[in-house]
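Keep the model open beside you and try each task before reading on.

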Amino acid sequence: MDSGPLLNKKALCSPLGAARLCQLAAGCSVIAMVTHSAGFSGSQGVFCMAAWCFCFAMTVLVFFLDATRLYSCLPVSWDNLTVTGAAFATLMYVTASVVYPLFFVESECPYAGCEVWNFRIAVSVCSILGTLAYGAEVALCRARPGQAVVGYMATVSGLLKVVQGFVACIIFGALANGSEYTRYAATIYCVAVYAFCFVLTAVVVIMTVCGRTKAVRCLSFDRFVVVCTLLEVLLYLSASVVWPVFCFDTKYGSPWRPSSCPRGKCSWDSKVVVAVFSFVNFGLYVADLIYSQRLRFVTSHRPVSSRA
């Protein structure tokens with residue numbers, strides 16, 4: 001029988017525990033103020049509310065499992081899972097912290113709505129504080145140079161995988177917003193590249209979180225990651241060149257935004273978003289490839305959490 005304490009005191013009395021408590025406080029405050037008076041509407045508001053609710057629910061679950069040590073019953077790598085969730089939540093909060101003020105906070109207080117305006121300002125501030133809290137967890141869990149790394153997702157390369165997946169989701173959102181990618185076979189090829197690279201990145205993340213990092217066929221896991229990343233770099237390089245040519249060259253499209261294009265529903269805007277984030281993800285994959293060359297980490301099917 002285990003004679004140790006029933007609860008994990010480090011889940012509360014540690015810098016990591018403090019960061020998670022701040023996440024819970026910020027998330028609870030944001031959700032309460034939005035539902036009480038600040039309000040939300042449209043697809044932008046729904047996204048922000050969904051992001052805040054998802055991150056809050058995830059943090060509650062992580063905090064509970066860490067405090068009770070029930071994570072040891074899960075067939076996953078706890079350290080990899082938590083740092084992946086924190087990195088993803090940071091990106092979600094960053095996006096919501098930009099989108100909500102941009103669409104719901106006016107530059108000046110309206111004559112008949114100062115109370116709502118004040119609540120929306122408070123929501124924006126709390127969302128920024130939540131971003132800092134999640135970023136603090138990532139910083140606390142991130143592997144330091146010279147240290148033996150237990151979890152791949154705690155390395156720069158692992159964190160870049162989360163950012164790459166998030167950027168790919170932005171690209172998919174732009175593609176679905178009237179991008180007209182079906183007009184040419186070349187642009188369809190680009191969409192296939194984005195989808196394939198996203199799936200490949202997701203496979204690496206899932207394998208890591210599930211602790212399946214010992215070997216993949218004849219390759220060690222770190223070599224498998226490098227091979228996948230090199231393939232993604234080459235594919236994204238081709239898509240980053242092909243997409244702008246078939247969307248903005250005068251032979252296939254328009255290099256300038258049409259004056260009659262409605263704001264928020266303009267295919268040209270969606271094409272620009274795809275082009276910009278294609279280059280962003282290409283840069284992320286190149287950085288990932290560089291860092292992967294120097295990566296050395298300790299693999300284990302179910303590593304024991306250092307926070308236990």
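**Exercise 1. The second largest pocket**

How many residues line the second largest pocket, and which lie nearest its centre?

Solution. Start with the ground rules: this is a predicted model, where local features need pLDDT of at least 70, side-chain atom pairs count only at pLDDT 80 or more, and totals for chains, interfaces and linings use all residues. Residues are numbered from 1 along each chain as its sequence is written, and side-chain values use heavy atoms, with hydrogens and water left out.

Step 1: find the lining. It has 28 residues, and M58, L81, T84, G85 and F88 lie nearest the centre. (On a 1 Å grid over the protein atoms alone, a pocket is an open set of points with protein on both sides within 12 Å along at least five of seven lines, while a cavity is a set where a 1.4 Å probe fits but cannot get out; lining residues have an atom within 4 Å of a point.)

Step 2: assign the lining to elements. α1, α2, α3, α4, α5 and α6 each give two or more residues, and α3 gives the most, with 7. (Helices, H or I of at least four residues, and strands, E of at least two, are DSSP runs numbered from the N terminus.)

Step 3: The volume is about 520 Å³, counted as the space filled by probe spheres set on grid points that are joined across faces, edges and corners. By class, the lining has 18 nonpolar, 7 polar and 3 charged residues. (Ala, Val, Leu, Ile, Met, Phe, Trp, Tyr, Cys and Pro count as nonpolar, Asp, Glu, Lys and Arg as charged, and the others, Gly among them, as polar.)

**Exercise 2. The largest pocket**

Describe the space and lining of the largest pocket.

Solution. Step 1: the pocket holds about 820 Å³ of space. Step 2: among its 22 lining residues, Q44, V99, F103, N177 and V273 lie nearest the centre. Step 3: α2, α3, α5 and α8 (267-292) each supply at least two of the lining residues. Step 4: the lining divides into 12 nonpolar, 7 polar and 3 charged residues.

**Exercise 3. The nonpolar cores**

Solution. Step 1: the core has 47 residues, of which V34, W52, Y100, V123 and F221 touch the most other members. (A nonpolar core is a set of buried Ala, Val, Leu, Ile, Met, Phe, Trp, Tyr and Cys residues joined through side-chain atoms within 4.5 Å; buried means under 20% relative accessible area with a 1.4 Å probe, protein chains only.) Step 2: the largest share, 12 residues, comes from α3. Step 3: a second, separate core has 28 residues, including L160, V167, V226 and C266.

**Exercise 4. Confidence**

Where is confidence lowest and highest among the elements?

Solution. Step 1: the chain averages a pLDDT of 85, and 87% of the residues score at least 70. (pLDDT is the predictor's confidence in each residue, from 0 to 100.) Step 2: strand β1 (residues 215-216) is lowest, at a mean of 64, and helix α6 (residues 185-209) is highest, at 94. Step 3: over residues 298-308 the pLDDT is below 50. Where pLDDT is low, the predicted coordinates should not be read in detail.

Key
Contact = heavy atoms within 4.5 Å. Buried < 20%, exposed > 50% of the residue type's maximum accessible area, 1.4 Å probe, protein only.
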